[in-house]
Amino acid sequence: MEVNPLSIILVKSDSKGDRLLFRYPYTLPQQFQTSVTPARKTPYSLIHTGDDILQNAPPSNICFDQLYGISDKDLATLFAVKSELCNQKFELKVNDVRFVSHPTLLRSDPGSDQKSSDIQINVVFALHAQASSSVVKSYYELSKRIGIALIYEERRDGYFSREIKTMVAVMDENSALQEQEQPTSATGTGGPVGTVSGTGPAGTSGQTVVTNATAAGIAVSVFDTILKNTTLAQFIKTIYHDLCTTGLLNVTMNQTVTLSFCLPQKAHQFHKKGLAVEPETIDRCLESLKPYHGMLLLVDPSELFDCVPPSGANMLLQLIEVYNPLKSLQNMASDAELLIDHVYQLVGHLVYWAKATIIYPLCETNVYVIAPDAQLNIHSNLSDKFATKFPGMSLFEVISDFSLPTSIGHLTTPLQHPARQGRLAQMVLWMLQHHLLMQLHTYVQFVANLDGIEEDDFDAPGGRSSTDRVHALHALYGSSAPSASSSQPLAVPIIGNRKHSLSEDRYSDSLSALLTTAASVTSNTRPSSASHRSNISHSSVGGLQTASSTDNDESIASIDDDDKLKRLLTAFPEPDRKAVARIPAASNPEDLALMVRLWKAGYFKGEHHLEEIMYFENLRRSQLLQLVDKFREVLIIYETEDPAIASLYSDQPLE
């Protein structure tokens, strides 16, 4: 995996020289140790390296996802940078390894000009050379934060100086032991370790392998001792393992400074293996966040406070107390008595740390379908997890109901027990948490139907030519449409005003109440256009028995309606105007006024789904669906996912 680091290296440079203080990992896997040294029948045998040197693979310094082939002395020379290169990004590529760091200059006395007491600290991350730029940027930011923490602890407690002394003392002691053992281990005439009594390139190569193995063993023993005796080495080890496992860091340095960091490219793979979410994708999703969106937690609420600094813990606690996947962000902000901007920041932080995801609040009209990349293969363990979570239920049986786009309302009936409805809500939420379902939204596109207009308008004497007809078709897609109106969002009423607990039973009660309320509202709702037509019919029947003065009033009212219809139709360009005027519903001023209002706001360009229109225009779903049905000759609908939310579920970038 290109996201995981190959190694973490700590290097210091001061007046006493350059030293590689610690690196992790420092031991190679056992299978590599048995395969790296080729078997030789005699010390003089040669290794076959191929007939053509041009066909050999380029040199590699990666073995089993670890850094290999570069000595500690060379690493110290490379990363012991001068003071001129400190406090800025440092990046170096060697073969197939990319080194990234932020060298930090530590001055013992900030007001002193003496450079002899300065210490250059460099925490280097070794990465795959083909790592993306966002991954490199993330590791650079982490190196910078570690350097800042070391400077803070050094000025507060002299922490780094104590750790350096311990590490250097272990290295010096080990070097002294090696010098004492050299005379007894020398061969031939008493030469140092690594000399060869015989001659020939084969003998030299064989002795070099032995020398490298011996040096590697010495380094392992030194770093083992350093790891046991210094907390800084343990700090680096914890960082490496957390980055390779979860991508989330919450470690404490010197029991004082807590370092919190998230590598989103790794963290989001915990919920969906192989899903690499770039930080830019998360930023685009959060920029598209609206008050009508909702939040779905992916972990237990007790795990949320590890990723939030203490300054934001109180606000997060307020938000979690009122959290409910059936509520919108604005409703939760109102219940928690928080500003909507603060809720945006908290939700965005949780999404970045892969603790939550963005959804539309769960309701009976939500349409779901099986995600195209749902992990439902035979090797997946999701079916076992589902059976453990919901005893007696089969994941494949439940999810088969969503093979075609299906709403929750179609899977429930008014006679169904509320507990079964709540259980269905919990199963849908579980499948959303594991990215098995994808929600589809209904979008509306305005496309004028010019059939029948050609004979009356285009083919009439003095009418338009075929070229003008082509230009009219091009005008249908918004080039001549007015700009969007600045409508203010209105609050969606909340079902119930009590604060729920964090148990899952509240989903059952909330969804049951939601389904019951929605059903009653739908049954009692009457379209305004039907009432208008009813009033017209009654007035026309009663008009036969009224006085002549009433007839005059109705005629004046009809003249006013005609003028109003004409003024409303002028909002459309010429080809669209004739297409709309042919529709019977266009003779109703209320229907036409709503049509023009939404058209002017730009909602009929296929970029806004019904839920968004309902929220910002304070309309009911039944009103919108009736309007679309009445003007179905020029309004077409289609279902697709919300691009802002879908970007978190796939590798495709948000356009």
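Analyst: Let us begin with one crossing: that of α10 and α11 is right-handed, where right-handed means that the near helix is turned clockwise from the far one by less than a right angle, and left-handed that it is turned anticlockwise. Helices (H or I, at least four residues) and strands (E, at least two) are DSSP runs, numbered from the N terminus. This is a predicted model, in which local features need pLDDT of at least 70 and side-chain atom pairs count only at pLDDT 80 or more, while totals for chains, interfaces and linings use all residues. Residues are numbered from 1 along each chain as its sequence is written, and side-chain values use heavy atoms, with hydrogens and water left out.

User: At what angle do helix α10 and helix α11 pack, and how far apart are their axes?

Analyst: Two packed helices are described by the angle between their axes and the distance between the axes. Axes are lines fitted to C-alpha atoms, for helices over the stretch in contact, and angles run from 0 to 180 degrees between N-to-C directions. Here α10 (residues 329–336) and α11 (residues 340–352) pack at about 115°, and their axes are 9 Å apart. That angle makes α10 roughly perpendicular to α11, since angles of 65 to 115 degrees count as roughly perpendicular, under 35 as roughly parallel, over 145 as roughly antiparallel and the rest as oblique.

User: Which residues make the contact of α10 and α11?

Analyst: Contact means heavy atoms within 4.5 Å, and it is made by L329, Q330 and A333 of α10 together with I340, V343, Y344 and V347 of α11. These residues divide into six nonpolar, one polar and no charged, where Ala, Val, Leu, Ile, Met, Phe, Trp, Tyr, Cys and Pro count as nonpolar, Asp, Glu, Lys and Arg as charged, and the others, Gly among them, as polar.

User: At what angle do helix α9 and α11 cross?

Analyst: The axes of α9 (residues 313–321) and α11 cross at roughly 90° and come within 11 Å, which makes α9 roughly perpendicular to α11. On the α9 side the contact involves M315, L316 and L319, and on the α11 side H342, V343, L346, V347 and L350. Its residues divide into seven nonpolar, one polar and no charged.

User: How is the length of a helix checked, and what span should α3 have?

Analyst: The expected span of a helix is 1.5 Å times one less than its number of residues. For the 25 residues of α3 (residues 133–157) this should give 36 Å, and the end C-alpha atoms are 36 Å apart, which agrees. Just after α3, G158 takes a positive phi of about 65°. The 16 residues of α14 (residues 418–433) should span 22 Å, and its end C-alpha atoms are 23 Å apart, which also agrees.

User: Is K273 buried or exposed?

Analyst: Buried means under 20% relative accessible area, exposed over 50%, and partly exposed in between (1.4 Å probe, protein chains only). K273 has a relative accessible area of 72%, so K273 is exposed, and K273 lies in the loop between α7 (264–267) and α8 (279–287). By contrast, the buried residues of α14 include L424, W430 and L432.

User: How many helices and strands does the chain have, and what share of its residues is buried?

Analyst: The chain has 24 helices and 17 strands, and of its 655 residues 44% count as buried.
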